[in-house]
Amino acid sequence: MKLLSDTLDRVKPSPTIAVTNKAQELKAAGHDVIGLGAGEPDFDTPQHIKDAAVVAIAMGKTKYTAVDGIKELKEAVCAKFKRDNKLSYEPNQVSVSSGGKQILYNALMATLNEGDEVVIPAPYWVSYPDMVLLAGGTPVIAQASVQTNYKLTADQLEAAITPNTKWFIFNSPSNPTGAGYTWDELKELTDVLMRHPHVWVMSDDMYEFLAYDGFKFCTPAEVEPRLYDRTLTTNGVSKAYAMTGWRIGYAAGPVELIAAMRKVQSQSTSNPCTISQWAAVEALNGQHDFIADNNEIFVRRRNLVVDMLNAAEGISCPVPEGAFYVYPSISGVIGKTSAGGTKIENDEIFANALLEETGVAVVFGAAFGLSPNFRVSYATSDEALKEACARIQTFCASMT
Ligand code: PLP
């Protein structure tokens, strides 16, 4: 009897984590490496949030809690949805997990049966298709294109829906492209969903607060209130609050779905870290001024990276509305040969050659379902970004 399950054969490890690990290995071996792979802010968690965690420890709030979150955090989540998204939820419609990833995973585990399809727009966050496969469902990829700045159109969504579609996963601003849907663009998608009452909506709003140039974030249940009864709105503190390591994500939706997700969590991880939950209460209820300060830095870095990449031969980079990623196309270098002698046949070869020849680590586009591209995370210092983009320019200019 073989040791490993058949389910695991269907999934691959996260390519973003693989790139980060490879960059760290090269660095440890003494190479001059600039990592643009990791999807986490380089800012520290704000002091008032850390203080709340220290107080929780001092007060002995270090034991098990209710499986899917303490009352105080669920109330803070309800207040957040009301304040920021005009969505009304009661605490029994809220679930808290160990990160946004676990929230999504619980929801898929709780709902997918064999043959159920999940529509995922590409480019997508690397984990969506593999989580669907792990949960026994079938990912259906709906390709967006660079012409619409990587945003899915109503026709593309319509074409992907079948009688077997259970979920549509929506993510704006997006990882990996940073693209954000305006109210009107999202309304076109929710109009399609209104014509298909069997389809549920999983909205991953993880980058809600990381939006620039006056972009106004919106979420499906807000844009189309008639979708409220079949929408799971998910979010978390990881990105906007620089709390990736604290592992707190949350969601709100119909009571039956939330209860099913609680059941999954009760037989897997139990409650998310108690101390982190108290820190998240402070994150959601406390002052948010630092987000605007951080966003000023992010927007400056985004502009720097977009300008420098567009100045590189063969690269074309749209200006995204949010998150901390850009997703340039490299169609102009496909077929060329690098100075180190590598024929650039696809974006994976491009990313490997870039790392080996220049020490710049990026994630290749095929990992996100749209090629030929690569993802840059600009959540790192201006100096590192300038140096990395200069190396990318030289790398492209020296191709023949
Ligand atoms: N959703 C998106 C789009 C993400 O990019 C990420 C993290 O990279 C997550 C969810 C998961 O966040 P967390 O670290 O809270 O699990």
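## A first look at the chain

Helices (H or I, at least four residues) and strands (E, at least two) are DSSP runs, numbered from the N terminus. For this stretch, residues 32-392, UniProt has an unreviewed entry with the feature "domain: Aminotransferase class I/classII large". UniProt positions follow the numbering used here, feature names are shortened, and annotations may be inferred rather than shown by experiment.

## How to read the model

This is a predicted model, in which local features need pLDDT of at least 70, side-chain atom pairs count only at pLDDT 80 or more, and totals for chains, interfaces and linings use all residues. Numbering starts from 1 along each chain as its sequence is written.

The predictor's confidence in each residue is given by pLDDT, from 0 to 100. The protein averages a pLDDT of 96, and 100% of the residues score at least 70. The model has an ipTM of 0.99 and a pTM of 0.96.

Where the two meet, 32 residues of domain 1 are in contact with 31 residues of domain 2 (contact: C-beta atoms, placed from the backbone, within 7 Å). On the side of domain 1 that touches domain 2, the elements giving two or more residues are α2 (15-28), α12 (289-310) and β9. Of these, α12 provides the largest share, five residues. By class, that side of domain 1 has 17 nonpolar, eight polar and seven charged residues. Here Ala, Val, Leu, Ile, Met, Phe, Trp, Tyr, Cys and Pro count as nonpolar, Asp, Glu, Lys and Arg as charged, and the others, Gly among them, as polar.

## Around the ligand

The ligand is surrounded by 13 residues, the closest being Gly99, Gly100, Lys101, Asn175 and Ser238.

Three strands form an open sheet in the order β9-β12-β11, with antiparallel pairing. The edges are held by β9 (325-326) and β11 (363-364), each with a single partner strand, so one side of each has no neighbour in the sheet. Strands pair if DSSP finds at least two bridges between them. Two bridges link β11 to the antiparallel strand β12 (residues 374-377), and phenylalanine 364 stands opposite phenylalanine 374 in β12.

Now for some loops. Between β11 and β12, the loop holds proline 372, which is joined to serine 371 by a cis peptide bond with omega about -5 degrees. Another cis bond runs from alanine 122 to proline 123, with omega near 5 degrees; proline 123 lies in the loop between β3 (117-122) and α6 (127-134).

Arginine 247, in the loop between β7 (231-236) and β8 (249-252), has a phi near 65 degrees, a positive value in a residue other than glycine.

Terms used:
A residue is near a molecule or strand if its C-beta atom, placed from the backbone, lies within 6 Å of it.
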